[in-house]
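Let's take a walk through a protein model together. Have a look at the picture first, then read on.

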Amino acid sequence: MPSLRAICVGSVALLAASVVPASAETCMERFVRAATEGNGDGQYRQMVTQKIEGAPAETVNEFIMNSHKHWVSKAVTPAAGGWTLLHDGTMYSSSDQGVSWKEVTKFDEAAAEAAKAQQKSDVQGATEVACDSETADGQTLDRVHGRYEVTTGFRNTQVHTYWIDPETGLIVRSEYQTISPSFKSAVSQKMIPFGDAEVPVPE
């Protein structure tokens with residue numbers, strides 16, 4: 001099963017690029033950029049649903065990001081799942097919905113950058129890459145899909161699909177499958193309005 005650091009690195013990687021016009025890229029380039037860079041290092045908020053094969057129920061978390069150095073993940077279902085916070089290079093956890101925080105570990109920026117570089121190398125070998133469009137709720141979105149192998153650490157197959165707003169270039173929805181002999185999961189992420197959301201600062 002992937003480690004907390006691997007999950008966090010993957011979450012950070014989802015959010016890290018400037019908008020590039022779709023017409024300037026090949027389908028493979030769009031997939032690589034979506035998988036490794038995402039939406040940029042600005043504020044965003046999304047609901048994340050994960051179903052692990054063999055687990056009794058799916059989990060739902062709200063993920064709020066100020067920057068890749070300051071974000072929080074809040075358990076929604078089950079609510080007792082706890083919160084995770086990254087602030088100023090330190091990872092914290094809370095079992096009382098952010099009333100108090102316990103330091104878990106220091107976030108290793110060098111290791112995160114190395115993992116990101118390795119991911120980009122793996123994604124460059126993606127197969128089944130496809131780009132088309134799909135209409136949902138009256139909005140037509142660009143759909144970018146691909147599959148790649150994770151070749152180091154927790155070795156597995158990743159199958160990703162992204163739905164991108166063609167006007168803004170932002171990923172508004174994504175789905176991921178992780179497939180290995182010992183672990184299988186499906187994750188969906190959907191952007192929601194940032195509104196008055198706040199990322200706490202531990203005291």
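## Ground rules

Two strands count as paired if DSSP finds at least two bridges between them. Strands (E, at least two residues) and helices (H or I, at least four) are DSSP runs, numbered from the N terminus.

This is a predicted model, where local features need pLDDT of at least 70 and side-chain atom pairs count only at pLDDT 80 or more, while totals for chains, interfaces and linings use all residues. Residues are numbered from 1 along each chain as its sequence is written, and side-chain values use heavy atoms, with hydrogens and water left out.

The predictor's confidence in each residue is the pLDDT, from 0 to 100. The protein chain averages 89, and 89% of the residues score at least 70. Confidence is highest in S9, at 98, and lowest in helix H1 (residues 4-13), at a mean of 44.

## The sheet

What order do the eleven strands of the open sheet take? They go S6-S5-S4-S3-S2-S1-S11-S10-S9-S8-S7, with antiparallel pairing. Strand S6 (102-106) and strand S7 (127-136) sit at the edges, each pairing on one side only.

Now zoom in on some pairs. Strand S2 (residues 59-67) and strand S3 (residues 70-77) pair in the antiparallel sense over seven bridges, and Met-65 stands opposite Trp-71 in S3. Strand S4 (residues 83-87) is joined to S5 by five bridges, again antiparallel, with Leu-85 partnered by Tyr-92 in S5. The hairpin of S4 and S5 has two residues between the strands, and there Asp-88 takes a positive phi near 55°. On to the next pair: four bridges join S5 to S6, and Ser-93 faces Lys-102 in S6.

Buried means under 20% relative accessible area, exposed over 50%, and partly exposed in between (1.4 Å probe, protein chains only). Four of the five residues of strand S5 (residues 90-94) are buried, so S5 is largely enclosed by the rest of the structure.

## The helices

Is helix H2 largely enclosed or exposed? Seven of its ten residues are buried, so H2 is largely enclosed by the rest of the structure. Among the buried ones are Phe-31, Val-32 and Arg-33. After H2 comes Gly-38, whose phi is positive, near 70°.

Helix H3 (residues 109-123) has buried residues too: Ala-112, Gln-119, Asp-122 and Val-123. They cover an arc of only 90° around the axis (taken from the directions from the helix axis to the C-beta atoms), which puts them on the same side of H3.
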